[in-house]
Amino acid sequence: PEAGYVPDAETAMKIAEAVWLPIYGTGVLEKRPLHARLVDDVWVVEGSLPKPMPGGVPLAHISKRTGEILRISHGK
């Protein structure tokens, strides 16, 4: 498609959650709200933490053009 396979932030966040769930389990859903920003042609999707909660957040880099998952990680 002209706008790419991942045309917007909402789509990028849905893809990221779909990839994170089998890797990190349902606890990753506690890292909402998610935030997505477009950097060049790559969606960078990150989770968030409540202020007093220790730990890291999930991260995904997804190609806007192809939908390819370029990077998945989770901070500690």
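Okay, one term before we start: when I say buried, I mean under 20% relative accessible area. Keep in mind that this is a predicted model.

With that cut-off, let's go to strand S3, residues 58-63. S3 is mostly covered, with 5 of its 6 residues buried.

So who sits beside it? On one side, S2 and S3 pair in the antiparallel sense over 5 bridges, and the bridge partner of Val45 in S3 is Ala60. S3 also pairs with strand S4, residues 69-74, again antiparallel and over 5 bridges. There, Ala60 stands opposite Ile72. The S3 and S4 hairpin has 5 residues between the strands, and Gly67 takes a positive phi near 85°.

Now back to S2, residues 42-46, which pairs antiparallel with S1, residues 35-39, over 5 bridges. Here Val45 faces Ala36. This hairpin has 2 residues between its strands, and Asp40 in the turn has a positive phi of about 60°.

Next, the core. Which residues make up the largest nonpolar core? It's 10 residues in all: Val6, Ala12, Ala16, Trp20, Val28, Leu34, Trp43, Val45, Ala60 and Ile62. Helix H1, residues 9-24, S2 and S3 are the elements giving two or more residues to this core, and the largest share, 3 residues, comes from H1.

Key:
Residues are numbered from 1 along each chain as its sequence is written. This is a predicted model: local features need pLDDT of at least 70, side-chain atom pairs count only at pLDDT 80 or more; totals for chains, interfaces and linings use all residues. Side-chain values use heavy atoms; hydrogens and water are left out. Two strands pair if DSSP finds at least two bridges between them. Helices (H or I, at least four residues) and strands (E, at least two) are DSSP runs, numbered from the N terminus. A nonpolar core is a set of buried Ala, Val, Leu, Ile, Met, Phe, Trp, Tyr and Cys residues joined through side-chain atoms within 4.5 Å. Buried means under 20% relative accessible area, exposed over 50%, partly exposed in between (1.4 Å probe, protein chains only).
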